[in-house]
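Look over the structure first, then read the points by topic.

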Amino acid sequence: MAATLSRPEIAVERRTSYDTFDITTLTPHLGAEINGIDLAVPLTEDQISDVRAAWADWAVIVFRDQHLDREAHKAFASHFGELHVHPMSNRRGLDPAILVVETTADSPYTAGDGWHTDVTCDAHPPIGSALYITKTPESGGGDTLYADMYLAYELLSPTMQTFLEGLTAVHDGAIPYVGAYKSTPPEGGYPVNEHPVIAVHPDTGKKVLYVNSGFTSHIKGMRRWESKALLDALYNHIAATPKLHARIEWKPNTLALWDNRCTQHHAVWDYYPNSRYGERVSVVGDRPTGVR
Ligand code: SIN
C-alpha cells in the first residue's frame, strides 16, 4: 500500500507497509512510528532492510518503549553509517559518540531550540541522528518539530529553484556553539564548510533545500544584505509553512532516527523549570552534493 499526497506539486508515493513491522504515519509525507521492533536485540537482515526502506520513505522514524543501553543505541545507529563525533563532545568525559541532550531548570539554553540541521558546519555532516529520550518533562511539552526539505524545495517556484541550484552556502559552527551556547572554541576554532544550497539526496536522488538558520552564515558570491534577505526568506518559508511539519510527542524510552539530508528539526523548550534527558548518536556519510 502507498500514501499519496493530494496536491500535484507534492504528489509523492511512499510505502505504508513493510514485511517485518507495521507503521503509523505522523503526516502523509513525513514521519512514521514503527511498531513491533525491539532495538535491544540484534536486528535481522530483513528488519534492517525494512528499517532502511522506512527511513528513506518517511525520513523521521520513531520507536516507542525501547530499553537500550549505550552499546545497543550505538549498535542501532551503526546500521546507517560510521558514528559521528560532535564538535562539542568530550565535555563530559563520555564516549565521544554519545551526545547528552539534557535540559534542566539550571540550563542556560536547550540544544537545538531553533530550526536547524545537525552540525552542517562539518565537511561531512551527520546524515542521521538517533535521539533516545528517557526522561520527559512532568509538565508535558518538550516535543520536537521536523520539517520536510524535499517539500520545502518542491514548493518553491521553478524560477527560485533554478536560481538557488547554482549557489553555495557557508556553514559556521561558531554561530551556535559560540554565539548561542557561549562555549570556548577548540584550538583552530569550530569547523566552517561550504555546501550546495540545493543538495541531492544520495539515496532517493531527490532535491532538497539545504540551508539552515542554525549554521548557515551566508551565500557565496552575494552582497551580505542580499544573502541575508534570501536566507531570511527561505527560513521564513521553512518555519511558516505548516504543511512541511511533523511533530514528535516524546514519551520516556522513545528513540527517533531522523535523516538530516532531507529534514530540519526544532526542539521546543516550553517546559521550564521541568527537565528532559536524552542521548543522541549520529552517523556520517557522503559529503552533500549539489545539482551541478
Ligand atoms: C537536537 O538534536 O537538535 C535536539 C533535538 C531535541 O532535543 O529534541
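Predicted model: local features only at pLDDT ≥ 70, side-chain atom pairs only at ≥ 80, totals over all residues.

A polar contact is a pair of N or O atoms within 3.5 Å; within protein, one must be able to donate a hydrogen and the other to accept it, and residues adjacent in sequence count only if both atoms are side-chain atoms.

Residues are numbered from 1 along each chain as its sequence is written, and side-chain values use heavy atoms, with hydrogens and water left out.

**The ligand and its shell**

- Which residues are around the ligand? They are Val-101, Ala-111, Gly-112, His-116, Asp-118, Leu-131, Thr-144, Trp-258, His-265, Ala-267, Arg-276 and Arg-280. A residue counts as near a molecule or strand if one of its heavy atoms lies within 4 Å of it.
- The shell around the ligand holds five nonpolar, four polar and three charged residues. Here Ala, Val, Leu, Ile, Met, Phe, Trp, Tyr, Cys and Pro count as nonpolar, Asp, Glu, Lys and Arg as charged, and the others, Gly among them, as polar.
- His-116 has a polar side-chain atom 2.9 Å from an oxygen atom of the ligand. For His-265, an N or O atom in the side chain is 3.0 Å from a ligand oxygen atom.
- Strands β17 (263–267) and β18 (276–284) each supply at least two residues of this shell. Helices (H or I, at least four residues) and strands (E, at least two) are DSSP runs, numbered from the N terminus.
- The ligand takes up the space of the largest pocket. On a 1 Å grid over the protein atoms alone, a cavity is a set of points where a 1.4 Å probe fits but cannot get out, and a pocket is an open set with protein on both sides within 12 Å along at least five of seven lines; lining residues have an atom within 4 Å of a point. A molecule sits in a cavity or pocket if more than half of its atoms lie within 2 Å of its grid points.

- His-201 sits in the loop between β12 (198–200) and β13 (207–209). Is His-201 buried or exposed? His-201 is buried, because its relative accessible area is 3%. Buried means under 20% relative accessible area, exposed over 50%, partly exposed in between (1.4 Å probe, protein chains only).
- Asp-143 belongs to the loop between β8 (126–135) and β9 (144–148). Its relative accessibility is 11%, so Asp-143 counts as buried. A 2.7 Å polar contact links the side chains of Asp-143 and Arg-247.
- Trp-58 is part of helix α1 (residues 45–58). Trp-58 is buried, because its relative accessible area is 0%. Its side chain makes a polar contact of 3.2 Å with that of Tyr-18.

**Backbone points**

- Most residues other than glycine have a negative phi, and most peptide bonds are trans.
- Ala-59 is not a glycine, yet its phi is positive, at about 70 degrees. Ala-59 lies in the loop between α1 and β5 (60–63). Ala-59 is buried, because its relative accessibility is 5%.
- Val-119 also has a positive phi, near 50 degrees. Val-119 is found in the loop between β7 (99–103) and β8. With a relative accessible area of 1%, Val-119 is buried.
- A cis peptide bond joins Tyr-272 to Pro-273, with omega about 10 degrees. Pro-273 is in the loop between β17 and β18.

**Sequence and space**

- Trp-269 lies in the loop between β17 and β18. Trp-269 is partly exposed, because its relative accessible area is 25%. From Trp-269 to Gly-285 is 16 residues in sequence and 30 Å in space, C-alpha to C-alpha.
- Trp-58 and Thr-27 are 31 residues apart along the chain, and their C-alpha atoms are separated by 9.2 Å.
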